[in-house]
Amino acid sequence: MNVLSQIQVDLNAVKRNYLTIKSRLPYEVKIMAVVKNDAYGHGLTEVSKALFSSGCRAFVVANVDEGLALKSCGINADVLVLGYTPADRLLDVYSNGLTQSVLSPEYARILTDSGLKLKVHVAIDTGMNRVGLDADNTLKCINDIKDFAKHLEVEGVFTHLCVADDPMQRSFTVGQIDRFRRVVEGLGDLNLKYIHCMNSAGALTLPPFGNAVRLGIVLYGLKPNAHIVLPPNILPAMTWKTSVCMVKTVKKGESVGYGRTFIAEKDTRIATVCVGYGDGYPRALSSVGQAVVNGKRAKIVGRVCMNHFMLDVTDIPFVTQGDAVTLIGDGLTADELADKTGSIGYEMVCNAKGVVKVKT
Ligand SMILES: *Cc1c(COP(=O)(O)O)cnc(C)c1O
């Protein structure tokens with residue numbers, strides 16, 4: 001681990017973000033906190049405990065091991081495993097009280113063949129074509145789910161919106177919700193505890209449907225899409241810092257870094273910093289990224305290396321070896337940086353590696 005790559009997670013921001021969104025939703029709508037991928041790089045157990053203490057009683061993880069980690073840190077809540085659990089791990093799902101997603105009719109057979117009365121939520125595919133039962137065939141979909149309920153404990157159904165963040169494609173999203181609604185209407189007698197279709201973008205911009213929402217990115221204070229305006233009080237939870245390891249003046253005409261992609265047009269002060277793509281800092285930010293040094297923005301010059309990159313600090317006086325460099329934070333968001341490379345804040349925070357410290 002690179003001790004000079006330091007990630008600080010503000011758990012009060014996570015809690016505040018949760019409570020802010022909660023207060024905007026109808027009282028009866030449950031928030032399922034999406035804490036997959038180590039809580040989007042923020043630390044699975046710390047974030048989940050903070051949310052649990054704020055009243056959250058439903059969590060969503062990517063795989064069975066994340067589910068076990070939650071249960072073993074004392075989180076007494078519903079935990080939905082979104083991804084595929086292989087047959088030889090289904091006993092872990094069952095004996096730890098996790099809830100498994102049903103990804104397809106074929107997968108439902110694997111689940112029933114286990115002989116375990118597993119708690120499940122059935123995924124309905126309303127147009128994303130990733131996982132789920134085909135909602136276009138409404139009747140078959142309804143009958144399949146009723147059939148699963150003979151062998152499995154069907155506690156929920158859900159679908160996933162693939163363009164909820166794009167107002168230009170609103171009619172597609174409305175169509176997805178309609179297809180989902182038709183399936184849900186056929187399942188009245190199952191008394192489902194969880195009916196959910198909204199991700200952060202949906203919950204922020206659409207009228208609610210169902211009795212639960214699955215919120216990920218907004219809990220971490222980032223935007224589902226660069227164009228969505230977050231409510232006030234939603235603040236990023238992650239700060240990522242490193243240090244300057246060397247400062248030097250590069251003469252006019254000299255180059256910086258691999259590929260010599262930067263040639264100094266004038267004498268330039270260069271600060272080399274102690275994080276690179278090996279720490280999950282995007283190499284795509286070569287020549288286009290920025291970082292904050294002594295409260296001021298500095299531009300990345302040349303290519304991001306595995307363990308370093310270089311900043312132009314000509315206009316920032318008194319930068320010296322050991323100074324702190326903010327990669328994310330101090331007004332510079334993962335969303336802003338990711339947008340420069342056609343990526344999303346999600347990817348940047350998920351990939352950030354370093355020593356994680358939580359601030360409570
Ligand atoms: C990741 C994920 C979410 C959360 O999406 P956000 O945009 O982070 O709110 C919700 N549902 C499913 C199925 C997901 O995979």
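This is a predicted model: local features need pLDDT of at least 70, side-chain atom pairs count only at pLDDT 80 or more; totals for chains, interfaces and linings use all residues.

Visitor: How many helices and strands does the chain have?
Guide: Both are DSSP runs numbered from the N terminus: helices are H or I with at least four residues, strands are E with at least two. Counted that way, the chain has 11 helices and 19 strands.

Visitor: What share of the chain's residues count as buried?
Guide: Buried means under 20% relative accessible area, exposed over 50%, and partly exposed in between, with a 1.4 Å probe and protein chains only. The chain has 360 residues, and the buried share is 52%.

Visitor: Which residues lie nearest the centre of the largest pocket?
Guide: A pocket here is an open set of points on a 1 Å grid over the protein atoms alone, where a 1.4 Å probe fits and protein lies on both sides within 12 Å along at least five of seven lines; lining residues have an atom within 4 Å of a point. Among the elements that each supply at least two lining residues are α2 (36–41) and α9 (200–205). The lining has 33 residues, and nearest the centre are K36, M128, R130, H160 and N199.

Visitor: Is T99 buried or exposed?
Guide: T99 sits in strand β5 (residues 99–102). Leaving aside residues up to four places away in sequence, T99 touches V79, L80, V81, K119, V120, H121 and E155, where contact means heavy atoms within 4.5 Å. Its relative accessibility is 2%, so T99 counts as buried.

Visitor: And why does L118 count as buried?
Guide: L118 is in the loop between α6 (105–113) and β6. Not counting residues up to four places away in sequence, L118 touches L90, V93, Y94, L111, L152 and E153. L118 counts as buried because its relative accessibility is 1%.

Visitor: How far apart in space are L118 and K49?
Guide: In sequence, L118 and K49 are 69 residues apart. C-alpha to C-alpha, the distance in space is 25 Å.

Key. Residues are numbered from 1 along each chain as its sequence is written. Side-chain values use heavy atoms; hydrogens and water are left out.
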